[in-house]
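Open the structure in your viewer and keep the selection tool at hand. The stops below say what to select next and what is there.

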Amino acid sequence: MSETLLCILLVTSSAKGSNLVYHWPPSPTIVSRLARPLPTNDFPGALTDNPWRAANSPDNPAEDSQRDFSQLTLDDDEEYYWQRPRLRRDRSVSFTQPSSHPTSRRASPSKDAKDMYDFDGARGASASSAGQHAGGTPGSTGDEYNSLLGYSTEFLAQILCPPSSMCHQKFELIVDDLAFIGHPVCADPDGGWRFAPEKRPARGRGSKKGQSPQDEERLLTPERAASTPSMLRTDDVGMQRFHFVVVLDLPDPSSSASGNLAKYFDTIYEQIAFNITAVLYQEQILSKYVEAQSELLGTLREDFANRGESFPDFMYEALKVSTIAPAMKTLYDAIKEKSIARVTINELPIELQLPPYIDTLLHADEEIEPEDEHEDEDSEPSAWGPEMSFAWRLPALTPWKALLRLDEEGEQGYQLYMQLRAAQLNPAERELAEQLIRFLDIASVSLTLAEMASLLDWDLKSQVYPAVRWLVLHRRAKIVDVVHSGLKTVFSVPQKFPAPLAKLSSDFAEAFVDADVPPLPRLLAMISTATHKQTANHFFATVVGSKERIQLYFDVVLWMLKRDLLIRLHLRIRIIATEELKKLVRKRWEERVARRRSRSRARSISRGRASSKGGSYDGELRGISNERVGPSLETVTESSPVEYWVSLSPKTARKQARQMSSEPPADRKVDGEEEKADEYDEELLSSSADEAKWEEYYQNGGDDNIPSMISDPARATPLERRWLAAMSEGKDPHIVRRFEHIHQYFDGKCSDDEILYTAEISRKQLREVLHHYEEYVRLSGPSRTITSTDT
């Protein structure tokens, strides 16, 4: 918004008419726009046309090669600049603007033709105050008091004070190249200012899209409403409406992606216009603050204009006698500087800010930051909350990140402590404040958020994350990667610096004036060149050199991290199946397939032989059974099974049943033996579908002469699982179990910190696994983060 913000203004309406109370800055400048491409004279003959260039070509020997192009200049370029349509009107057709305000209480403008042209006349008269190309050179004193942005102040006041039916909702008006955003509010029909009689719990800052925030703004402080009169006198003819407006230079819709311009306006409305209006509305109900300030500034403005004082003198005098004027100036300056606006309205301090990267919505060709620097798909979508999920570009809020405090510079570093240790806190709030102070005391870039939760005995998601969100939202802390306590961390430098290197170098020299550290450019060069080293590429080995200097350079690292001058490099791991491993697995697979087919043929032959001998075998078996135990079950007809079993004694019946169940047919004996012998092969080739997939892989170009990367070990194919199993042959069982537990994270996306936290292993255990499987793993990033001696 710092690119498009033109000014902030306050407009009021009463029985006397509408009035522009105050605005900042005193003389806002409108950015000039081109109606057609403006030619430049950056080379000789640039302003000539093609036929002239062809006729006077330097290749023509008949012409003099020495020509004077100094006279070829663009005499009048005003026609190339875009002007508002009404500024092209002949000033003679406009009428004169009346000097006095209308006394009528009519809600609509006058229907008189002369009154309709008064606005054009005021606008035409103020054209000179806007400067050349609609742009910003102040005119006479009277014009400055009565015009703004090329319009008369009375015209702006009337169009920015809508009727009561349009109040208490979002206001968005686009006029030519200007956009007006606000939230107008009005008094009740009887002229009184009061809270809504029905009090509902507030839903927090702002309202949902498409809903009016009227209830929220009326219920900001319902406990204070009890001390104010419930009704005002109906004969009070004071202020009826007021409107806090943010004026923007209308961005070019074609320069941003679809829908971004609407999001841009919505964010400005929700974060700035509505919040300021809510506070002003509350203070107007409680103490008529807005009305009193408007009368004060109006009287001062009239007094300076009558005395012939310059308009800038009035603007700066208003900063001394009024409290709402400094708040508007502070808000404007903070938005331009992309910082937090800490303003005070009627002794009520509030903080306002816009997302740091909101201006990037207006540039479709904005450079995209690396994906790992921002929240990715694997992070929790609601970790930052809806308020910070748009135009903040925050890294993923994960347990393995660390917290870097930003409030240690200047007096604002202790502001939070003073607020939390305030004597007026109740016991419950004081306990919460003490816990937050303890949280800030142990916060360090060497501790992960999970470790901080463990030390404080806090729940990570319900206690630690909300505290981190609050600190980041108020720009008192930022999320960074963990830094080793001994500075054995590999850093790199960003591609773009957040500020000019000369300015950063000056600030660095001022911060470490008495320390024995190299200049910032040399330090950045040392860090940048160290990333290409295979060993000893961490910060301690590259820059520090000795343990006695760790604390000094730890402060240097913190200073650089606060200004986004360091990027920690992460280690990511991939699994590669080598040519030898693939050939071995394929050879074994072919042998097992051949053995399986051979056994299948043998089973078929055995079953055929058994079936051919089945008749004689059964006859012999029945003969033996008949001789020993009498008639068998096969000889019993279906009509007499009960009679047969009744004729047998219990002992004889149990004996015959055991004999029949313990003597299976011959074909079952053969199948059982062969299935037991082929149990290992069935485990490897679990189904014919897997075998078909293997055959399809080799038939469709699967090449064992080149290595293959297992892109997602957690969802490995049957063939990739055979490769992973073959990698573990001949290794210690506990190493194999650990590898099988953590290889799902070796997808090239999970960082080393994420692997250590998710798998719940130490860095030493990870280093041990990588050492035993070094033939099959490929590391991307600084390998020193794993091979170092730290645990």
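Select helix H16 (residues 520-530) and helix H18 (residues 550-562): their axes cross at roughly 90° and come within 13 Å. H16 and H18 therefore count as roughly perpendicular (65 to 115 degrees). Axes here are lines fitted to C-alpha atoms, for helices over the stretch in contact, with angles from 0 to 180 degrees between N-to-C directions. Helices are DSSP runs of H or I with at least four residues, strands are E runs of at least two, and both are numbered from the N terminus.

Now show the side chains. Leu520, Leu523, Leu524 and Ile527 of H16 meet Val556, Trp559 and Met560 of H18; contact means heavy atoms within 4.5 Å. The contact residues divide into 7 nonpolar, no polar and no charged, where Ala, Val, Leu, Ile, Met, Phe, Trp, Tyr, Cys and Pro count as nonpolar, Asp, Glu, Lys and Arg as charged, and the others, Gly among them, as polar.

The model is predicted: local features need pLDDT of at least 70, side-chain atom pairs pLDDT 80 or more, while totals for chains, interfaces and linings use all residues. Residues are numbered from 1 along each chain as its sequence is written, and side-chain values use heavy atoms, without hydrogens and water.

Next, select leucine 581 in helix H19 (residues 579-612). Leucine 581 is buried because its relative accessibility is 4% (buried is under 20%, exposed over 50%, partly exposed in between; 1.4 Å probe, protein chains only). Leaving out residues up to four places away in sequence, leucine 581 touches Trp723, Ala726, Met727 and Tyr776. The C-alpha atoms of leucine 581 and tyrosine 776 are 9.3 Å apart.

Note on methods:
Parallel < 35°, antiparallel > 145°, perpendicular 65-115°, else oblique.
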